[in-house]
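Here is a short exchange on how structural labels are assigned. Each reply sets a value against a rule.

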Amino acid sequence: MFKFNFDVEDDTEQSTDVNHTIQNNGPASVQAVAPDVFTELFLTDALNSLPSKISYSPITIPLASGTELSLPRRDLFDARFQLISQNVDDPDALEQPSINARSALHFLDAPSDLVPLVYEGGLKTWECSIDLASYLDGISSQFDVSGKRVLEIGCGTSIPSLYILHRIFSSPPSQNQTHIHLQDYNASVLELVTIPNIILTWYLSEAAGMYRKSEERADSPLELDISEGLKDAFHQSLMTYGVELRFFSGSWDTFDLQKSCGSYNLVLTSETIYRMESLPSLTAIMRGACKAEDPTGVDDYLCLVAAKVLYFGVGGGVTEFVRCVQSSDKGGTVKTVWEKTQGVERRVMSITWN
């Protein structure tokens with residue numbers, strides 16, 4: 001077991017005092033015999049699986065302009081209640097819950113405990129995802145996401161994508177189709193936090209203003225009713241603002257770019273370089289998503305990685321990542337575009353593929 005104390009507490013308070021734990025041998029009840037394979041999770045199915053009400057708490061994102069943005073995140077205790085309720089409603093699941101259900105319940109209680117090939121930390125909001133959102137704000141005038149294809153790899157609570165969606169939903173509707181695709185190893189992470197966070201971000205944006213006014217009663221503070229009317233209004237907003245959302249789970253080794261978008265203009269990932277064994281598959285996805293080896297690929301791509309300089313006791317970090325990029329097929333160039341040098345060192349890096 002490895003521990004290092006760098007993460008953001010997944011509640012209303014931000015903290016760097018909670019252990020980020022990597023377990024080589026997790027609980028026997030959640031052991032996996034093989035990596036999860038590439039699977040698409042459909043938005044309609046995920047929405048229909050949500051309970052009638054969800055609760056949330058805000059997280060503060062410091063912006064490049066010196067201001068702050070408050071984004072909503074679903075409470076983990078609320079997600080846990082959903083899983084327990086689903087098992088109660090299903091007698092077979094209650095008697096012998098699946099490995100995925102047991103795994104999700106365990107890590108909802110300990111979201112910073114990582115077990116390779118079982119759970120990769122997506123329930124937690126890590127510091128570098130906030131760094132990446134802040135950096136995106138700083139370059140928003142030079143890189144317009146509208147009409148682009150975006151992939152967030154290892155999205156978890158999806159703070160960078162939430163920032164992008166907040167900007168889209170706070171701007172006038174666009175005729176440009178913007179594709180935002182999110183990937184996480186665990187399908188349960190997408191179902192329990194990623195998609196609910198996107199719904200919450202939309203609901204608190206200008207795009208949902210008419211829907212909020214049309215409601216017969218106001219929701220309780222920090223709670224949201226997931227009604228059929230809300231689902232319909234959300235889908236309508238996606239069409240109005242030209243946003244296509246897709247969600248993928250499974251290991252990076254099995255990620256199928258041909259079944260997703262093929263190529264992307266913006267590729268994002270944060271806190272994903274902590275394990276050396278996964279670096280080759282991560283860099284392969286990023287390179288393939290930018291179509292670096294394909295002359296018909298996109299020309300105006302931006303590939304960004306946010307990470308801590310060193311993940312103590314695990315072996316991963318910036319040095320190992322840069323070495324992997326440079327030694328990959330045809331290689332690439334890594335440039336630091338933002339860094340924090342005091343305390344726990346962190347960076348945002350831009351990758352240009354040769």
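Predicted model: local features only at pLDDT ≥ 70, side-chain atom pairs only at ≥ 80, totals over all residues.

Q: What makes strand 4 and strand 5 a pair?
A: Strand 4 (residues 53–62) and strand 5 share 7 bridges. The rule asks for at least two, so they pair. Their sense is antiparallel.

Q: Why is strand 5 called an edge strand?
A: Strand 5 (68–74) pairs on one side only, and strand 9 (223–225) does likewise. They belong to an open sheet of 3 strands in the order 5-4-9, with antiparallel pairing. The twist in this sheet averages 40° from one strand to the next.

Q: What packs on this sheet, and which strands does it touch?
A: Helix 6 packs there, touching strand 4 and strand 5. Its direction makes about 120° with that of strand 5. Touching rests on a cut-off: heavy atoms within 4.5 Å.

Q: Which strands does helix 6 lie across in the other sheet?
A: Helix 6 (residues 159–169) lies across strand 7, strand 8, strand 10 (243–249) and strand 11 (266–270). The helix runs at about 160° to strand 8.

Q: What is the strand order of the sheet with 8 strands, and what is the pairing?
A: The order is 3-10-8-7-11-12-14-13, the sheet is open, and the pairing is mixed. Strand 3 (39–41) and strand 13 (332–340) each pair on one side only, as edge strands. From one strand to the next, the twist averages 20°.

Q: How do you know that strand 7 and strand 8 pair, and in which sense?
A: Residues 149–153 and residues 178–184 are joined over 5 bridges, in the parallel sense. At least two are needed, so the pair qualifies. Leu151 has His181 in strand 8 as its bridge partner.

Q: Why is the contact of Arg246 with Glu40 called a salt bridge?
A: Their closest N and O atoms are 2.9 Å apart. The limit is 4 Å, so the pair passes.

Q: What makes up the lining of the second largest pocket?
A: The lining has 8 nonpolar, 14 polar and 7 charged residues. The pocket's volume is about 430 Å³. Of the 29 lining residues, those closest to the centre are Glu120, Tyr185, Trp252, Thr272 and Tyr274.

Notes:
Residues numbered from 1 in each chain as written. Heavy atoms only, no water. Helix = DSSP H or I, 4+ residues; strand = E, 2+ residues; numbered from the N terminus. Axes fitted to C-alpha atoms, helices over the stretch in contact; angles between N-to-C directions. 1 Å grid on protein atoms, 1.4 Å probe; cavity = no way out; pocket = protein on both sides within 12 Å on 5 of 7 lines; lining within 4 Å. Points joined across faces, edges and corners; volume = space filled by probe spheres on them. Nonpolar A, V, L, I, M, F, W, Y, C, P; charged D, E, K, R; others polar. Salt bridge = Lys/Arg side-chain N within 4 Å of Asp/Glu carboxyl O.
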